[in-house]
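This report concerns a predicted model.

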Amino acid sequence: MITINGVPFEPHPDIGFKSDAVHKPVEYKFNYLDIARRIAEKEWPEIDTYRQLIKDDLWFCLNFVVKPFANEADRARVNHPFIINACRELEEGPKDFTLDVWAREHYKTSIISIAETIQFQMANPEYSTALFAYIAPKSKKVLASIRSIFEREPILYTCFPDVVWADPKKEAPLWSIDEGIILKRKTNRQEPTIGAYGLTEGMPTGLHFERRIYDDITTEDIADSVNIIQAIKLKFDSSNNIGKEGGHHRVNGTFYGHDDPLVYIRDKMRIGEDGERTPAYHIRIRPATDDGTINGKPILISQKRLDDLKLDATFNCQQLCDPTPKEDQKLNPDYLNV
């Protein structure tokens with residue numbers, strides 16, 4: 001076991017390093033044992049190395065910045081092949097028009113909405129990120145987590161004194177959950193560095209963001225409201241006007257039903273000049289079990305936790321990421337003529 005930035009790290013036995021003679025199916029992006037050795041031997045400068053890792057390695061940002069001192073069970077899950085693989089796919093895949101539907105309790109918000117947002121802003125301090133949920137209070141909870149990390153993790157100020165305030169509560173021109181937070185930047189623009197908004201209420205006007213993150217734009221408490229679901233779909237489409245040319249957006253969440261806004265987004269198609277239809281979004285579906293079925297083995301959570309969740313009526317949607325399981329269909333779609 002080694003220590004990086006005061007945080008203990010021990011490689012997972014099923015995760016390899018690219019420098020290993022025998023590669024494993026899942027690999028860390030960098031060899032942290034070698035990095036720690038080089039820093040200890042003064043071969044590499046500590047602060048500059050951490051700064052580069054935060055900007056270039058999403059899992060490093062998650063493990064050593066977002067969740068450095070979580071409880072033992074939480075840290076074990078963060079250092080898991082599922083999480084490593086998810087971070088690598090996010091880094092190596094497209095940045096725009098992505099839809100990630102993951103089982104609940106599988107860290108989609110921690111990775112995409114929190115860790116990647118921090119990483120993005122450290123690399124792009126002049127840009128702005130908008131966080132969206134179906135109502136503003138939901139997205140503001142995510143912003144509150146991000147703000148807290150900037151306040152409590154000294155590694156961010158130490159590595160990015162040009163971007164992060166030493167005492168943001170006193171120094172930042174804006175440090176509010178309601179209005180957003182502003183990090184150090186050279187430009188004087190209307191948009192906060194990171195702001196939190198709602199699709200059905202609290203949509204910003206006159207603002208444009210380089211990066212938009214849509215996290216849980218629908219939840220269980222509104223899943224049965226046809227009017228609200230339709231409003232979310234319309235507001236989601238109109239929110240494209242809040243973006244900027246050259247910017248990008250991600251959507252992440254969990255299905256709640258067959259007419260869920262995420263199903264609507266999943267089924268969006270582009271029509272080419274030749275009339276060919278292709279999915280508009282790059283889609284990643286991550287169910288809680290290895291084969292996506294109720295009897296499959298859990299990937300990240302314990303078997304007991306999975307068995308407990310099977311008692312919920314929402315299990316198929318929220319854990320198997322299947323908004324319309326065949327056993328629940330009331331009408332065979334093969335009988336329909338379109």
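## Burial and exposure

A residue counts as buried when its relative accessible area is under 20%, as exposed when that area is over 50%, and as partly exposed in between. Cys321 has a relative accessible area of 6%, and is therefore buried.

## Residues with positive phi

Most residues other than glycine have a negative phi. Glu105 has a positive phi, near 70 degrees, although the residue is not glycine. Glu105 lies in the loop that runs between strand S5 (98-102) and H6.

Cys321 is also not a glycine, and its phi is positive, near 55 degrees. The position of Cys321 is in the segment that follows helix H13 (315-318).

## The largest pocket

Which residues are the closest to the centre of the largest pocket? The pocket has a volume of about 550 Å³. Its lining consists of 25 residues, and those closest to the centre are Arg104, Lys108, Thr109, Asp215 and Asp216.

Four elements each contribute two or more residues to this lining: helix H6 (108-123), strand S6 (129-133), helix H7 (136-152) and strand S10 (209-215). Sorted by class, the lining residues of the largest pocket comprise nine charged, nine nonpolar and seven polar residues.

Methods
Residues are numbered from 1 along each chain as its sequence is written. This is a predicted model: local features need pLDDT of at least 70, side-chain atom pairs count only at pLDDT 80 or more; totals for chains, interfaces and linings use all residues. Side-chain values use heavy atoms; hydrogens and water are left out. On a 1 Å grid over the protein atoms alone, a cavity is a set of points where a 1.4 Å probe fits but cannot get out, and a pocket is an open set with protein on both sides within 12 Å along at least five of seven lines; lining residues have an atom within 4 Å of a point. Grid points are joined across faces, edges and corners, and a volume is the space filled by probe spheres set on the points. Ala, Val, Leu, Ile, Met, Phe, Trp, Tyr, Cys and Pro count as nonpolar, Asp, Glu, Lys and Arg as charged, and the others, Gly among them, as polar. Buried means under 20% relative accessible area, exposed over 50%, partly exposed in between (1.4 Å probe, protein chains only).
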